[in-house]
Amino acid sequence: TGALTKQQKIRRELRRLLTDMGLHEAIGYTFTHPGQKERFPGLYPEAKPIRLFMPMSEERSVLRTSLIPHLLDAAVYNRNRGTEDVALFELGTVFVTQEETLKDLPEEKTHLAVLLTGKRKGRHWAEKSGSVDFYDLKGIFEQCCEYLGLYGVEYVPDKPKGFHPARTAAIYLSSGKGKQRIGWLGQ
């Protein structure tokens, strides 16, 4: 009693790791617009939308299947207010089902999404601060993998919906089940 579960400890340490790297945690809505799934199908393109019985509005009428749309909304919000340099992450839940009409509870899966825009912050006064790029994101991801003990990660060029077609890589993890796609890095 009174102790964190293993999953809670991992999430807490992962949040600490990401904030130590200079990222800010965002907490997005669990409910989203139905059109968001078409823009960013995420890891579950075959998942059916989970509509709420009595939504607050059409903008918040389905459960999310990706964390990316709300991070993009946060970046747009900041850019519209003159803040170009944004480094955000969200460690949250997405909801997945194959049922057209929901009879069972959907699967709840924990995902991590990171968004970087603008200039990277120099760690030293003499260091130049250039624009963030793919390798900044890859470095963050690899530090998370190292913390989690994930080895056997491969990057394969890919063209998922919602990403730049020539600046995106699928992330595969080799395990006892073979290679499994666990996400993307991209613009």
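Hi everyone, a definition to start: when I say two residues meet, I mean a contact, with heavy atoms within 4.5 Å. What you see is a predicted model, where local features need pLDDT of at least 70, side-chain atom pairs count only at pLDDT 80 or more, and totals for chains, interfaces and linings use all residues. Residues are numbered from 1 along each chain as its sequence is written, and side-chain values use heavy atoms, with hydrogens and water left out.

Let's look at the helices. Helices (H or I, at least four residues) and strands (E, at least two) are DSSP runs, numbered from the N terminus. Which residues of H1 meet H4? They are Lys9, Ile10, Glu13, Leu14, Leu17 and Leu18, and on the H4 side we find Ile140, Gln143, Cys144, Tyr147 and Leu148. Helix H1 covers residues 6-20 and helix H4 residues 134-148; they pack at about 145 degrees, axes 11 Å apart. Those axes are lines fitted to C-alpha atoms, for helices over the stretch in contact, and angles run from 0 to 180 degrees between N-to-C directions.

Now, please turn to the sheet. Three strands make an open, antiparallel sheet, ordered S6-S7-S8; strands pair if DSSP finds at least two bridges between them. At the edges sit S6 (153-157) and S8 (178-186), each pairing on one side only. Neighbouring strands here are turned by 30 degrees against each other on average, direction ignored. And where does H4 come back in? H4 packs on this sheet, touching S6, S7 and S8, and its direction makes about 135 degrees with that of S8.

Finally, S6 and S7 (residues 168-175) share five bridges, and Val156 has Ala170 in S7 as its bridge partner.
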